[in-house]
Amino acid sequence: MKFRAALFCVLLGWGLTLLVAGIYYLDGKQQLRSLQMTHLQGLVERTATDLDDRIRTRQQLVIRGAASLTLTPEELIRDAPNLISRFHYLKGMFSTAVLYDRNGVIVADYPHIPGRVGLSVAERGYFQRTRDTLTPQISEPFRAKTPSRRHVVVFSAPILTPDGRFAGMLAGSLELFSPEFFGELSQLAIGKQGYIVLVAQQSRRFLFHPDPAWVDHPIPSRTQAPALYRAVVENRFGVSEGALSRGEDGLAALFKLQSVNWVLGAAIPLHEAYLPLQRFTRTLLWIGLAMMLLLPLLAWLAMRKMLAPLSVLQQQLQHWQDPSTAGALNVVGSSELVEMANTLNALLAGRQAFELRLSEREAFFRALNDVSPLGVLVCDRQGEIRYHNQVAAQMLSVSGIGCNWLKNVDAAESSRLIQLMAEELTIGGLVQRRSHLSPQQGLRLLLELRLTLLDDAHCLVILLDVTQQDAEQQALAGERERALAILGSISDAVVLTNQCDEVEYLNLPAQALLGIKAGDPLGRRLCNLVDFRHPETGMLLAAYELDGLTAGTHVELDMETEDGEVRAVVLALSSVAAQGVMQGYRVYVLRDDAERRQREQEQRYQATHDALTGLLNRRALQQELSQLLEGGRLPAVTVAMLDLDYFKEVNDKGGHQAGDLMLQAVAGLLYEGLRDSDSIARMGGDEFALILRHCDEADGQQVLNQIRQRIECYRLAFAGQSFTLSASIGLTQIQSSDATPEEVLARADKACYAAKFSGRNRIATTQGELLS
Ligand SMILES: Nc1nc2c(ncn2[C@@H]2O[C@H](COP(=O)(O)OP(=O)(O)OP(=O)(O)O)[C@@H](O)[C@H]2O)c(=O)[nH]1
C-alpha cells in the first residue's frame, strides 16, 4: 500500500513536473518567438528608415546640382571640365561625381580617373530612364566599367536646356559597400548568426548580403525562401518563420524602402532565436531531474508517515481473519481511519451478534429437525446428501452425509426427481410429489416430497411418510364408494351440502325430484336449485329460513323446480358431524309427499261432508255455527231445518237407489237456490240444515219458499216411474243470546216440526208463522 501510494505520488509528481515543464517550455518558446519577431521587425524598420534618409539625402544633392545647371548640350560639352568643379561637394556623399552629355558619354568626372571621360552609359537603364522621363533615377547596382569592377549605384538627375529639353545628366556614383552607405549594414549585429539583406525588386538580386558571394546574386526560389520571395515578388511584407535565403529555418522580417524599390530584410536562424530558451530548458531539465530523483525518497517518507495509522489498522485487522480473536480496532492519527475503524467496529459487533443469532437459530433448527416427524435433508442437484435429520435417515435408510438418497427411490421416479432438481426447479419454486421408495424388508413406503432450491447447487427436501395416510385415504375412498352406492340405491332424495350450503352430493332420486335438467348442480346452493314454499300460504321460504332449520326437522313444503313444476315434499334435515372437517355439512332428505297429502285431504273431506250428496255433514255444520257464535256480534243469519215429506214412500216404491237419487237431486236444488256464502248440510236421512248469512228471517222465508217450490215441482224419473215430493222447512234467526249450535238447531227443528205437523210442504218460523 505504502509502496503503491508512494509510486503513485512519484509518478504523479513526475507527470506534473513534465507537464509544467512542457507548458513553460511551449509558452516560453512562443513568447521568445514573439519577442524575436518584434525585435527583428523594429530593427528592420529602423534600418530601412535610416537607409531611406541616406538615399533621399544623396538623391536631393544630385537633383539640386542638376537643377543648378540650365544650358544647351553644346555648352555642357564645352564647359564640362569647369562645371564639374562645382560639384566637388558631392564627394562627401558619393565616391564619384560625373557629367554626361545628352548621349550618355561621360564628359567630366570628379575625382578624375583617367580613361573614364569618353565612356558611354547610353545602354544603362538609369541613363535611358533619366533622359526619357526627365526625372531623377537611382540605378540598380551594377559592376563599374572601371578597372576596380566594384558594385556601384548611381543617383542621376537630368540637366535641362533653357527650353526644358534634355541637355545631359549629372550623376553621383556610390560604391555599394562603401562605409558611408551599406558599410554600416554589415555592422548591424543580430545575435551571432543573424544578418541583414537588401534586395532590389526590379532585378530580384541581392544588393547586400553578409556573404559577399550572394551580392548581385538572384534571390532563391519560392520554395527555398518563401518569405523573401513573397516580399520581393508579391509585395507581401512582415515577420514570419520559415526557410531563410541560406536554406536554414529561421525568423525573418522584411520591409520595403520608401524611396526606392528595395526590400530590406533581417533574419535570424531558429537555433539562434531560441538560444535563450535552450539555456532555460537545460536549467529546467536539471531542476526536473533533481526533483524526479528526490521525489521517490520524499514520497516514500511522506507515505510512511501518513500511512502509519493504516499500518496499525492493517495489523489489527489481521486478527479479524479468525472471528475468535477479532477485537475492537483502535487507531489514532487519522480522522478518516478513526471513522473507518469505528464503522468496522460497529460492523464487527453486528457480525458477532448476527453469528450468535445464527448459531442459536441453527441449534434451534437442528433441534426442531431432530424432533420433527418430518424428514429433512439437504442435497446437491444429483441427490448427494449434505445434511439430513434422523427421521430422513430412517425413512430413506441412508447411512449419512455423502449418500445419494435417490438410490432408494423407485427407478422411474428417481430419474424424474433428478431431472426436476437439475433442470426444472428454480429458486423460490416448490415442487410437491408423492414417491414410492424401493421395497425394503417387504415394506414399500410412500413419501410425500416437497422440494425447493436453497441456492444454485443445493435442494431442500422435506419428507413425510404418508403410507398410513394413503392406506387410510384408500379405505376412506372405499367407504365413500359404498356410502354413495347406498345413497344411490335408496328411493328418497338425498342432498349433501357443505358449510356454505353448497351441494356436494346428490343421488339420482334427488336429481329427479329436484328436476335438474342441465348444468352441474354441485357447488350451487340448494335454495338456488329449487324454490321452497309454505304449502298453506304459498310464501317463498327464504334462504335464511332454510339455513335456520335445525337437525331433526321434518317440514312439509311445496317445492318449485326450475321448469316451474310444483311438488309436495317432506324435507328431513340432519347434520353430518358436530365437529371435524364435516362440521356444518347437512343432509337433506326429500320425499314426495303428494299421495299422503292427497289422502289426508280426502280424509278431511270425508270427515266434514256427506258421502251421498257432497254436502256438509252435521258435525261440519255444527262447527260452522260454533264459529259464527264465537265471532260475537253477527249480521243477520238465518238457520233453517228442511225435512222431506213422505220420503219413505220413494224408497218404498222406487227402492233405495231411487231414494238416493232423490236425495242427490234435492241437494242440487238446494245448492242452486242458495248463494256461495250460504252453508248446506245433510243432517241425516232426509233432513237438511241451511245457514243463510246476511239474511234475516223475512228474507229467509222468501228464499226458502222458492226452494220449497222448486222441490215441489221436481220430478224424478226412475225405472219407469215418476217420483215427486215436498219439503217442510222450519227457520229461525240466530239471536245474540244463542250460545250453542244445538240451541239454534233445536229452535229450527222445532219450527220444522211445526211445519210438518200443520200439513207439510210449508215453512214455519219460531214465531209460529206459516208459509205454504
Ligand atoms: N234411500 C234412502 N233412504 C233413507 C236414507 N236414510 C234414511 N232413509 C229412509 O228415509 C225414510 C225416512 O222416513 P221418515 O223420516 O220416517 O218419514 P217420512 O217417510 O219422510 O215421513 P215424514 O217425515 O213424516 O213426512 C226412512 O224410510 C229411511 O229408511 C238414505 O240414505 N237413503
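Predicted model: local features only at pLDDT ≥ 70, side-chain atom pairs only at ≥ 80, totals over all residues.
On the side of α7 the contact is made by Pro-309, Leu-310, Leu-313 and Leu-317, while α8 contributes Leu-337, Met-340, Ala-341 and Leu-344.

## The chain as a whole

The protein chain contains 19 helices and 31 strands. It has 772 residues, of which 42% count as buried. Among the contacts in the chain with a separation of 6 or more, 53% are accounted for by residues 24 or more positions apart.

The crossing of α17 with α18 is right-handed.

The residues that make this contact are Val-666, Leu-669, Leu-670, Glu-672 and Gly-673 from α17, together with Val-703, Ile-707, Arg-710 and Ile-711 from α18. Here the contact residues of α17 and α18 divide into six nonpolar, one polar and two charged.

Thr-96 belongs to strand β1, which spans residues 96-101, and with a relative accessibility of 7% Thr-96 counts as buried. Its side chain makes a polar contact with the side chain of Arg-116, at 3.4 Å. If neighbours within four places in sequence are left aside, the residues in contact with Thr-96 are Tyr-110, Pro-111, Arg-116, Ala-171, Gly-172 and Ser-173.

Two of these partners, Tyr-110 and Pro-111, are themselves joined by a cis peptide bond, with omega at about -15°. Pro-111 is placed in the loop between β2 (106-110) and α3 (125-133). As background, most peptide bonds are trans.

## Asn-507, a buried loop residue

Asn-507 sits in the loop between β18 (503-506) and α12 (508-514), and its relative accessibility of 1% means that Asn-507 counts as buried.

Apart from its neighbours within four places in sequence, Asn-507 is in contact with Leu-487, Gly-488, Ile-490, Asp-492, Ala-493 and Val-494.

## Two partly exposed residues

Arg-204 is found in the loop between β7 (195-200) and β8 (205-208), and Arg-204 is partly exposed, with a relative accessible area of 37%. Although Arg-204 and Pro-218 stand 14 residues apart in sequence, their C-alpha atoms are 5.7 Å apart in space. Not counting residues up to four places away in sequence, Arg-204 touches Val-199, His-217, Pro-218, Ile-219, Tyr-229, Val-232 and Val-233.

Glu-75 has its place in helix α2, made up of residues 73-85, and Glu-75 is likewise partly exposed, with a relative accessible area of 28%. The side chain of Glu-75 reaches the backbone nitrogen of Thr-72 at 2.8 Å. Glu-75 and Thr-161 are 86 residues apart in sequence, and the distance between them from C-alpha to C-alpha is 9.7 Å.

## Positive phi angles in two loops

Most residues other than glycine have a negative phi. Ser-397 has a positive value instead, with phi near 55°. Ser-397 lies in the loop between α9 (390-396) and α10 (411-424), where Ser-397 is partly exposed at a relative accessible area of 43%.

His-694, which is not a glycine either, has a positive phi of about 50°. The loop that holds His-694 runs between β26 (687-693) and α18, and with 58% relative accessibility His-694 counts as exposed.

How values were computed
Residues numbered from 1 in each chain as written. Heavy atoms only, no water. Contact = heavy atoms within 4.5 Å. Helix = DSSP H or I, 4+ residues; strand = E, 2+ residues; numbered from the N terminus. Buried < 20%, exposed > 50% of the residue type's maximum accessible area, 1.4 Å probe, protein only. Polar contact = N/O pair within 3.5 Å; in protein donor to acceptor, adjacent residues only side chain to side chain. Left-handed = near helix turned anticlockwise from the far one by under 90°. Nonpolar A, V, L, I, M, F, W, Y, C, P; charged D, E, K, R; others polar.
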